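The following exercises concern contacts between side chains and the space that they leave open. Please study the sequence and the model before reading each solution.

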Amino acid sequence: MWRPATTLITGRHRKAIRVGPLLILVDMDIMKVLGPFLVVILLLVVLMVISHWKIFEKANQPGWAALIPFYNIYVLSQVIGRPQWWVILYLSAIIPILGIIALIVISIMDHIRLAKVFGKDTGFAVGLVLLPIVFLPMLAFGDSAYQGKP
């Protein structure tokens, strides 16, 4: 029978928590360090999702598509004027080494094209590639307008 999480063992540095049939050992010292880091990562992920949501809405696509894995890549491909099969290239990331390199190249190409469809110059495209955490919100919340597929 499944029960809610309960603390079984407590010590100075470790805590054992039972979640159903699983017993999870948690090192509390590590959590003191990782906790704030994980909160920052979560906030950055939320910022990126909201940015994609706004970008999709500017391009007359459903904003909620930013929440759905793989579908958000499909919608982004439609926004930047790529063919439908372009999404399959993102799945190449499962191939060791070569797939990761291909994913990086495809991502760079798509960021450059995203800057173009919003009327931004090459400098902004470089910013999207190197610092997407800064430039995607600038694109989403700035005054740039979607100009259509190139």
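This is a predicted model, in which local features need pLDDT of at least 70, side-chain atom pairs count only at pLDDT 80 or more, and totals for chains, interfaces and linings use all residues. Residues are numbered from 1 along each chain as its sequence is written, and side-chain values use heavy atoms, with hydrogens and water left out.

**Exercise 1.** Determine which residue forms a salt bridge with R82, and whether R82 is buried or exposed.

*Solution.*
Step 1. A salt bridge is a side-chain nitrogen of Lys or Arg within 4 Å of a carboxyl oxygen of Asp or Glu. The structure holds 1 such bridge.
Step 2. The partner of R82 is D110, and their closest N and O atoms are 3.1 Å apart. R82 lies in the loop between α2 (71-79) and α3 (86-90), and D110 in helix α4 (residues 98-117), so the pair ties together parts that are 28 residues apart in sequence. Here helices are DSSP runs (H or I, at least four residues), numbered from the N terminus.
Step 3. Buried means under 20% relative accessible area, exposed over 50%, and partly exposed in between (1.4 Å probe, protein chains only). R82, with 13%, is buried, and D110, with 4%, is buried as well.

**Exercise 2.** Describe the surroundings of W86, beginning with the ring of W85.

*Solution.*
Step 1. Rings of Phe, Tyr and Trp (its six-membered ring) pair if their centres lie within 6.5 Å; planes under 30 degrees apart count as stacked, over 60 as edge-to-face and the rest as tilted. The whole structure contains 5 aromatic pairs.
Step 2. The ring centres of W85 and W86 are 5.8 Å apart and their planes stand at 55°, so this pair is tilted.
Step 3. W85 is exposed at 52% relative accessibility, whereas W86 is buried at 8%.
Step 4. A charge sits over a ring if NZ of Lys or CZ of Arg is within 6 Å of the ring centre and within 35 degrees of the ring normal. R82 lies over the face of W86, 4.3 Å from the ring centre.

**Exercise 3.** Identify the residues that ring pairs link into a cluster with W64.

*Solution.*
Step 1. Ring pairs join W64 to Y71 and Y74 in a cluster.
Step 2. In α2, the buried residues are V75, L76, S77, Q78 and V79. Just after α2, G81 takes a positive phi of about 80°.

Methods. Helices (H or I, at least four residues) and strands (E, at least two) are DSSP runs, numbered from the N terminus.
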